[in-house]
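User: Could you walk me through how to read a few features of this model? I would like the general idea and then the case at hand.

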Amino acid sequence: MSSSTATSVSNSIQEDEDLKLFQAARRCGRRNAMGDFTVQLAQSGSSLNTPRNGTEFDLVRKRLQKELKILTETPTPGIRIVDDGSDMRKLRIDIDGAHGTLYEGEKYQLQFKFTDQYPFDSPQVVFVGNNIPLHPHIYSNGHICLSILTDDWSPALSINSVCLSILSMLSSCKDKSRPPDNDWYVKTCSQDPKKTRWWYHGKDN
Amino acid sequence: MSTSNSETNTNNHPDAANSFNYSGKDVDLDGQTHVQQKHIEQEVVNFCYVCFVCKELMKKYKYIRKTRGDGNCFYRAFGFGYLEQNLKNELELDRFRKLVADLKDKLVQLGYQEFTVEDVRDVVLETIDKICQGGDIPNLMKIFCTQEYSDYFVAYLRLFTSAYLQMNAEFFQSFLDEPSKTIKEFCCTEVEPMARESDNIHIIALAKAVQVSLRVIYMDHSETSQLTIHDFAHTDNEQMFHPTITFLYRPGHYDLLYEN
């Protein structure tokens with residue numbers, strides 16, 4: 001008797017979760033459309049209002065050059081640049097699962113993309129390749145639910161600190177599994193994870 | 001008892017629902033008029049309040065400078081207002097430049113990555129130099145309207161605020177709305193990310209960190225018989241209070257005010 005009550009309770013929670021996911025996806029759909037529009041507006045606005053004098057690009061390039069130099073000269077163990085730096089707006093980085101965690105011995109690849117607004121605008125970061133870590137905050141298409149990649153990004157963060165946050169997210173994981181809404185998210189999401197309206201829960205992400 | 005009464009009433013008038021519907025239009029009209037009247041009354045009150053505040057403001061302040069409403073307004077207004085006041089004051093600008101330079105080491109001690117902080121600092125120092133070279137307000141305007149320079153300045157003022165909060169974490173902890181958050185978490189989510197709005201806690205911290213006295217005049221209905229003024233002194237000696245920068249606050253936004 002008591003067990004059947006428990007099942008019905010857990011069912012109702014699942015329905016509740018389902019509804020929440022559905023509503024979130026609807027919200028996210030609308031937000032996505034808005035997001036695209038705002039970007040377009042911002043782009044046309046900036047090209048109209050501010051004559052491009054090259055400062056912007058120079059500052060982004062200078063910043064990225066510095067970051068790459070440090071990543072190659074004093075690398076953090078478990079974080080390696082793959083690219084030769086020919087296309088600075090796109091970068092691939094290999095990371096190794098840390099010792100003593102569920103991901104020990106595994107190798108993954110991250111792809112970073114930077115806009116003209118970097119470091120004010122966060123980089124777009126996704127897992128790429130055949131091996132996408134099984135983790136409750138990482139979707140099978142490589143998208144990562146991590147607050148510093150959107151809402152909590154700040155110019156004081158860097159490529160290295162993003163990699164470290166992702167490694168620490170993997171290390172604190174106790175159960176290797178996909179997010180509960182994985183299939184649906186992967187079917188409905190935008191290619192750009194920054195256009196997803198994430199909700200962040202818990203201190204882990 | 002009251003429940004049973006209402007039941008009897010409904011039973012006694014089987015067409016009560018209909019008659020209610022019929023007269024419903026009239027009642028609605030009355031209701032709408034009433035709502036509209038309330039609305040107008042509220043607007044009159046608001047308008048009177050705005051008139052009152054404007055009249056009071058105009059006694060003391062000559063100009064207002066509007067800042068961009070992008071969530072960074074407090075910092076941008078602070079940066080612009082401060083540099084504008086001190087354009088010709090070499091001594092003060094040297095002091096500020098030294099603070100800017102020294103903040104990097106404090107941030108590194110707090111665990112920040114040296115080169116990201118250095119990156120922001122260098123651009124801010126470059127910006128200050130450019131402003132000094134130009135030496136006039138049109139040049140300052142031009143630099144502050146150049147998104148990259150302006151944003152780097154905002155980012156560094158956010159770091160000033162964050163570092164001061166973290167170095168005085170024990171004191172500021174009790175100010176947090178969410179007591180379960182640590183000051184470090186608060187800084188990572190509410191201070192350092194661009195476009196996060198500023199509250200009293202940010203203003204207190206920045207005034208103390210940069211050692212500049214600020215005045216904020218609030219236009220948010222908290223007081224109707226006089227202007228609501230908050231002074232943020234950079235020292236504890238309040239007798240000598242004179243603000244370098246005065247802000248006008250309307251919910252969600254800060255602009256600059258200029259005294260007569």
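Analyst: Happy to. Let us start with a helix pair: the axes of helix α4 (residues 90-109) of chain B and α5(B) come within 9 Å and cross at roughly 175 degrees. Axes here are lines fitted to C-alpha atoms, for helices over the stretch in contact, with angles from 0 to 180 degrees between N-to-C directions. Helices (H or I, at least four residues) and strands (E, at least two) are DSSP runs, numbered from the N terminus. Please keep in mind that this is a predicted model: local features need pLDDT of at least 70, side-chain atom pairs count only at pLDDT 80 or more, and totals for chains, interfaces and linings use all residues. Residues are numbered from 1 along each chain as its sequence is written, while chains are lettered from A and ligands numbered from 1 in the order in which they are written.

User: How is α4(B) oriented relative to α5(B)?

Analyst: Angles under 35 degrees count as roughly parallel, over 145 as roughly antiparallel, 65 to 115 as roughly perpendicular and the rest as oblique. The crossing angle therefore makes α4(B) roughly antiparallel to α5(B).

User: Which residues make the contact, and of what class are they?

Analyst: Two residues are in contact if their C-beta atoms, placed from the backbone, lie within 7 Å. Among them are L93(B), V100(B) and L107(B) of α4(B), and V117(B), L125(B) and I128(B) of α5(B). For classes, Ala, Val, Leu, Ile, Met, Phe, Trp, Tyr, Cys and Pro count as nonpolar, Asp, Glu, Lys and Arg as charged, and the others, Gly among them, as polar. The contact of α4(B) with α5(B) has eleven nonpolar, no polar and five charged residues.

User: How many residues does each chain bring to the contact between chains A and B?

Analyst: Chain B brings 19 residues and chain A 18. On the chain B side, α5(B) gives the largest share, six residues. By class, that side has ten nonpolar, five polar and four charged residues.

User: Which residues does UniProt list as "active site"?

Analyst: The unreviewed entry lists D70(B), C73(B) and H253(B). They are spread over 184 residues of sequence, yet their largest C-alpha distance is 8.9 Å. UniProt positions follow the numbering used here, feature names are shortened, and annotations may be inferred rather than shown by experiment.

User: Is C73(B) buried or exposed, and what about H253(B)?

Analyst: A residue is buried if 20 or more other C-beta atoms lie within 10 Å of its own, exposed if 12 or fewer, and partly exposed in between, with C-beta atoms placed from the backbone. C73(B) is buried because 23 other C-beta atoms lie within 10 Å. H253(B), with 19 such neighbours, is partly exposed. Leaving aside neighbours within four places in sequence, H253(B) is in contact with G69(B) and C73(B).
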